[in-house]
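Please look over the structure shown below before reading the notes on it. The notes are grouped by topic and can be checked against the picture.

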Amino acid sequence: MTHALLRTVGPMLLGGGLALATGATAGAEELRIGFLAPTTGIFAAVGKDMVDGFQMYLDEVKSNFAGAQVKFIVEDEQGKPDVAVTKAKKLILQDKVHMIVGGLLASTGYALAPVSTSEKTLYISPVAAADDLTQRQLDKFPFFIRTGWTSSQPSHPFGQWACDQGYKKIVTIGADYAFGYEVVGGFQKAFEDCGGKVIQKIWPPIGTKDFGPYIPTIKQDADAIFTLMVGPMSLQFPKQLAAAGNTKPVIGGGTSYDEFVLPSMGDEVIGHVSPLMYSAALDTPKNVAFVKAYRTKFNKVPSYYSETDYTTAEWIDEVMKKTGGKWPGAEEFIKLMQGMKLDTVRGPVSLDEMRNPVQNIYIKKVEKKKMFGYDKEELWNTVIKTYPNVGQFWTYDKAAFLKQPVYSRDFPPCKFCE
Amino acid sequence: MTSRLKISVVIAAIAALAIAVPFTSSFVILLATRALAFSILVMSLDILLGFTGLASLGQAAYLGVGAYMTAILATKYQFGLGYDFWLVVLLGILFGAALAALFGLLAIRATGVYFLMITLALGQCVWGLAYRWNSLTGGDNGINLGVRPKFGIDLSDQVTFFYLVLALFALSLFAMYVLVRSPFGRSLAGIRERELRMKILGYNTWLHKYIAFIIAGAFGGLSGVLWAHTAGIVSPDNVVLTTSVDALLMAVLGGAGTLVGGVIGAFIVIALREYLSTLVPWWQYVLGAVYVLTIFYLPSGLMGLPERIRRRGGALGNGNSGEKLSAAPS
């Protein structure tokens with residue numbers, strides 16, 4: 001019987017792939033948006049936040065962007081750059097989408113941007129934060145727009161903030177890959193430019209589960225510890241640091257404490273400080289409404305992944321309002337988008353001339369408290385300082401900034417390390 | 001089934017691909033190209049797994065070397081974008097072989113699960129290099145190739161590129177088929193069945209395995225060159241353990257020791273993972289079910305299916321042909 005089953009099922013599976021090869025039908029007033037997020041694999045939870053954020057805006061406006069009916073096509077990029085490329089090509093060639101939105105990892109952003117160039121299709125990146133996409137390599141990607149951030153964007157004001165706290169010596173411990181280099185590098189540059197010293201840089205591999213070997217090596221004469229963790233590392237590191245009896249202030253990159261990881265964290269992170277362009281605890285009417293609606297719908301606090309995709313959808317809608325619901329073509333769309341200033345959930349945003357957002361950077365402290373009328377005490381990223389309208393170059397001269405190499409393991413060099 | 005019949009089936013299948021694929025959607029052409037490029041790697045692994053009895057978990061390293069070499073030459077030196085593409089193909093084969101020659105010195109002394117582990121470790125070394133040697137490999141971000149080569153024909157045209165990959169695939173299949181049918185290939189099968197006996201018969205089994213390892217590496221390098229231009233991006237993701245495991249699973253799924261089995265495996269897995277996933281969110285269950293059902297009911301892979309059906313039919317009376325399933329290529 002089992003063999004019979006296999007004989008029946010096998011060909012069905014093989015045939016199924018081909019039989020279902022139906023293309024999308026194009027309507028007159030239709031805006032087709034291809035969305036790439038990892039919906040399976042280890043990044044599936046982040047991918048869900050991304051899709052939920054975008055979908056929530058679509059639901060609010062009933063998928064109607066100024067008269068254009070939005071066709072929202074989600075594809076699973078599986079957290080792999082070359083799968084993302086394949087899926088992007090599927091969206092462009094088969095579904096004939098007007099634009100691609102999404103991509104989680106920096107490497108996926110780097111993989112998708114050239115596709116947008118070769119296929120002459122608009123690509124909007126709400127999450128992938130690799131600095132050079134809107135810096136040294138921008139010229140290669142005329143159809144690329146970022147609605148999220150560059151990795152080092154929040155780090156620059158944060159370096160200044162660290163100086164203002166009176167920190168003189170800081171040890172950094174950051175995930176050992178490009179995103180980590182850029183977040184830590186931006187912090188180091190700004191911190192050292194205002195007189196601070198980074199005296200040690202530790203690079204645990206991405207996905208490190210045991211920080212036991214790293215924590216004892218942290219130099220004891222440091223005034224504070226700067227961490228840059230991603231995913232499960234964010235949960236593990238503060239636990240082990242607290243268990244080791246750490247008394248130094250802990251500060252870190254945005255992803256070390258964003259709302260994607262915060263609800264799973266313990267009380268050991270209370271008092272830790274991090275910068276980002278969004279905090280769910282932002283006390284503006286727009287954000288309160290957003291958090292409440294999101295929480296009702298998905299039963300969790302929105303992370304920046306949800307917020308940035310929600311805002312991206314809103315941004316696209318605003319552009320379509322200007323054109324009266326007509327697709328203006330990618331070049332014209334970019335021009336319209338660049339000339340816009342929007343008041344969004346995260347605050348005022350606009351694009352700089354290199355198509356990266358200029359936005360508020362919030363310095364946030366983890367606190368346990370009740371917010372927005374919820375009756376339980378929870379961890380929130382309370383905003384303690386706002387740096388308004390921060391661009392990707394901070395206060396630096398753009399030309400000089402672009403002359404220096406992209407932040408890496410070796411840049412800026414660790415002058416004060418022994 | 002006579003081997004002549006099998007060969008004609010394979011030739012017919014390749015011809016069918018060549019004729020049918022260009023008429024499908026451009027997304028399907030892309031997937032078919034990817035499957036063909038990856039198939040060469042799976043077949044190269046099959047030489048070790050199916051014909052020599054060495055299960056390697058580091059085959060992606062050779063794909064990685066070929067792919068990174070192609071990408072680095074193309075982006076840093078603008079080399080390999082014209083007629084010199086053929087030189088890159090040759091270099092890819094040589095680099096793959098050279099790396100295998102190096103790794104083989106360490107790996108071939110081990111057998112069974114130890115061979116598995118040492119190839120895994122060596123494969124991860126290459127991954128580590130790809131991930132950490134930022135100045136050369138771009139680290140985590142990988143390398144974008146930009147344009148495909150142009151030499152009289154323009155490979156950025158999807159269909160043209162598909163034919164090029166198909167041609168190189170067919171050549172590789174032919175070369176590997178000749179190899180496994182040669183006396184050398186027969187001795188490899190002998191080593192797979194019983195190494196000690198081959199030693200006693202006077203064969204230098206170490207050398208045989210070493211050469212097989214190098215040949216597999218060479219084809220791995222070739223598949224890397226094609227993979228780089230197919231995907232347009234090379235990243236540590238191409239060299240990571242799961243890519244090696246994918247290749248191994250594809251070979252087992254289709255049927256180890258059959259060469260074309262790996263190709264079928266590659267097509268099925270890529271179709272499920274990259275095509276079915278555009279249609280349904282539960283594609284992973286289908287992929288899992290295919291693996292589990294195959295291993296439960298078709299231990300010799302999907303290539304064992306016709307044999308299985310024939311044996312159940314039974315009436316044809318060629319009962320003993322089913323006994324040497326794995327020895328007969330294609």
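What follows is a short briefing on a predicted model, taking each chain on its own and then the contact between the chains. Chain A has 418 residues and chain B has 330.

**Chain A as a whole**

- The secondary structure of chain A consists of 11 helices and 15 strands.
- The radius of gyration of chain A is 22 Å, which agrees with the value near 22 Å that a compact globule of 418 residues would have.
- Of the residues in chain A, 51% are buried.
- Taking contacts in chain A between residues at least 6 apart in sequence, 71% join residues that are at least 24 apart.

**A sheet in chain A**

- An open sheet in chain A is made of 6 strands, in the order β2-β3-β1-β4-β5-β6, and its pairing is mixed.
- The edges of this sheet are β2 (64-65) and β6 (144-146) of chain A; each has a single partner strand, so one side of each is left without a neighbour in the sheet.
- As background, strands of a sheet pair through backbone hydrogen bonds, either parallel or antiparallel.
- Strands β4 (residues 99-102) and β5 (residues 122-125) of chain A run parallel and are joined by 3 bridges.
- A:Val101 has A:Ile124 in β5(A) as its bridge partner.
- In a regular strand, side chains alternate between the two faces of the sheet.
- On one side of β5(A) are A:Leu122 and A:Ile124, and on the other are A:Tyr123 and A:Ser125; all of them are buried, which leaves both faces of the strand covered.

**Chain B as a whole**

- Chain B contains 14 helices and 4 strands.
- Chain B is as compact as a globular protein of 330 residues, because its radius of gyration of 20 Å is close to the 20 Å given by the globule rule.
- The C-alpha trace of chain B spans about 60 × 45 × 40 Å along its principal axes.
- Buried residues account for 51% of chain B.
- Among contacts in chain B between residues at least 6 apart in sequence, those joining residues at least 24 apart make up 76%.

**A helix in chain B**

- Helix α2 of chain B covers residues 26-52, which is 27 residues.
- From its first C-alpha to its last, α2(B) reaches 38 Å, close to the 39 Å expected at 1.5 Å a residue.
- There is a bend of about 35 degrees in α2(B) at B:Asp46.
- Most of α2(B) is covered, with 25 of its 27 residues buried.
- After α2(B) comes B:Gly53, which has a positive phi, near 80 degrees.

**Where the chains meet**

- In the contact between the chains, 33 residues of chain A touch 33 residues of chain B.
- On the chain A side, the elements giving two or more residues are α1 (2-19), β3 (68-76), α3 (81-94) and α4 (106-119) of chain A.
- Of these, α3(A) gives the largest share, 9 residues.
- The residues on the chain A side divide into 16 nonpolar, 10 polar and 7 charged.

Note on methods
Residues numbered from 1 in each chain as written. Chains lettered and ligands numbered in written order. Predicted model: local features only at pLDDT ≥ 70, side-chain atom pairs only at ≥ 80, totals over all residues. Rg over C-alpha atoms; globule rule 2.2 N^0.38 Å. Buried ≥ 20, exposed ≤ 12 C-beta atoms within 10 Å, placed from the backbone. Contact = placed C-beta atoms within 7 Å. Pairing = 2+ DSSP bridges. Expected span 1.5 Å × (residues − 1). Bend = angle between axes of the 7 residues up to and from the residue. Nonpolar A, V, L, I, M, F, W, Y, C, P; charged D, E, K, R; others polar.
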